[in-house]
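Please look over the sequence and the model shown below before reading on.

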Amino acid sequence: MNELPRTILDCIGNTSLLALRNIAPANGARILMKLENENPTGSMKDRMALAMIAAAEADGRLAASGSVVEYTGGSTGVSLALVCAVKGYPLHIVSSDAFAREKLEHMRILGARLQIVPSESGRMTEKLTRDMVEAARIIAAETGGFWTDQLNNRDQLAAYRKMAEEIWVQTGGKIDGFVQSVGTAASLLGTGEALRRRNEGIRIVAVEPAESPVLSGGKTGAHKIDGIGAGCVVPLWRGDIAEKIEKVSTPEAAAMAMRLAREEGLFAGTSTGANVVAALRLAEGLGPEATIVTIMCDTGMKYLSK
């Protein structure tokens, strides 16, 4: 008999890899989706939340009697709320009304204390990111809590290196391209670096909102793709990790998210829709034997109100 998980945290990772059947490149290339919705909170961020907390526990930054602080668009906050609930840490979250109500309620249900920063008409902007970061900094200073500081925290890279190893094993090493949207840039960096160590020829493509193409050298702007496009060049971004940056608009991402639900039965958020749009573009430039992997970042159940 297989050993049962000790806690729900033991159920994080080892998610499935699934080939798209109906949303497929015309040239016959394959697009595989890493189903991160299978994680306990329905998001890939469970991986990084656990990695950040575990690393802080190991080196003493987070004591047994300590608390945790973070700013988040939602999914990281939900994942931290799960980890902190299991481990018994009080959690202070800074978020905004720009993000899905379901995520905010999920955090509260898991025991997080929330501070909500107002947005400009429900849109993600550079100013909102900076306001949330500053609010989290103040809370950490006042409470003495451990600030996970996801935009700068490199401990999370270990979680995405592990995801890369899963992808490598699941594809039998037959992978030609990897596509991922950029929020903190940790998932692109950690996964991309680990895959490149296995095969230097793997094409790595970053995805950002067309309305705020700062990684491409454009101007910051407002968009409605949850979880990506901070409106500034984030600290973990490295220009050499991606061979190309694809710009995908909010309407394109939303339309693809609906197609995934109706044609593949995969109910995901708009960042996943953006990933698939960019993966299809990459497939156009690769041969019919190519295999491209991208990420189903989370479940669409987090976005029903949007």
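Leu195 touches Ala164, Ile167, Trp168, Ile175, Phe178 and Ile202, where residues up to four places away in sequence are not counted and contact means heavy atoms within 4.5 Å. This is a predicted model, in which local features need pLDDT of at least 70 and side-chain atom pairs count only at pLDDT 80 or more, while totals for chains, interfaces and linings use all residues. Residues are numbered from 1 along each chain as its sequence is written, and side-chain values use heavy atoms, with hydrogens and water left out.

Leu195 is found in helix H6, residues 186–198; helices (H or I, at least four residues) and strands (E, at least two) are DSSP runs, numbered from the N terminus. With a relative accessible area of 0%, Leu195 is buried, where buried means under 20% relative accessible area, exposed over 50% and partly exposed in between, for a 1.4 Å probe and protein chains only. Arg161 lies 34 residues from Leu195 along the chain, and the C-alpha atoms of the two are separated by 8.2 Å.

Glu70 lies in strand S3 and is buried, with a relative accessible area of 0%. Leaving aside neighbours within four places in sequence, the contacts of Glu70 include Met52, Leu80, His92, Ile93, Val94, Ala136, Trp147 and Asp149. The C-alpha atom of Glu70 is separated by 8.5 Å from that of Arg137, a residue 67 places away along the chain.

Strand S3 belongs to an open sheet of four strands in the order S5-S4-S3-S6, with parallel pairing; two strands pair if DSSP finds at least two bridges between them. Strand S5 (113–117) and strand S6 (146–147) are the edge strands, each pairing on one side only. Strand S3 (residues 68–71) and S6 pair in the parallel sense over two bridges, and Val69 has Trp147 in S6 as its bridge partner. Helix H3 (residues 101–109) packs on this sheet, touching strand S4 (91–96) and S5, and the direction of H3 makes about 155 degrees with that of S5. Axes are lines fitted to C-alpha atoms, for helices over the stretch in contact, and angles run from 0 to 180 degrees between N-to-C directions.

The other sheet to consider is also open, but its pairing is mixed, and its six strands follow the order S1-S2-S10-S7-S8-S9. Its edge strands are S1 (17–19) and S9 (244–248), each of which pairs on one side only, and the twist averages 25 degrees from one strand to the next. Strands of a sheet pair through backbone hydrogen bonds, either parallel or antiparallel. S1 and S2 run antiparallel and are joined by three bridges, with Lys34 in S2 as the bridge partner of Leu17. S2 and strand S10 (residues 291–296), by contrast, run parallel and are joined by six bridges, and here Ile31 stands opposite Ile292 in S10. Strand S2 (residues 30–35) is mostly covered, since five of its six residues are buried.

How do two helices meet elsewhere in the chain? Two packed helices are described by the angle between their axes and the distance between the axes. For helix H7 (residues 250–264) and helix H8 (residues 270–285), the axes come within 7 Å and cross at roughly 95 degrees. That makes H7 roughly perpendicular to H8, on a scale where angles under 35 degrees count as roughly parallel, over 145 as roughly antiparallel, 65 to 115 as roughly perpendicular and the rest as oblique. Among the residues that meet are Met256 and Leu260 in H7, and Val276, Val277 and Leu280 in H8. Cys11 is in no disulfide, and the nearest cysteine sulfur, that of Cys84, is 18 Å away; Cys11 is partly exposed, with a relative accessible area of 35%. The sulfur of Cys297 is too far for a bond, because the closest cysteine sulfur, in Cys232, is 19 Å from it, and Cys297 is buried, with a relative accessible area of 7%.

Notes: Disulfide = S-S within 2.5 Å.
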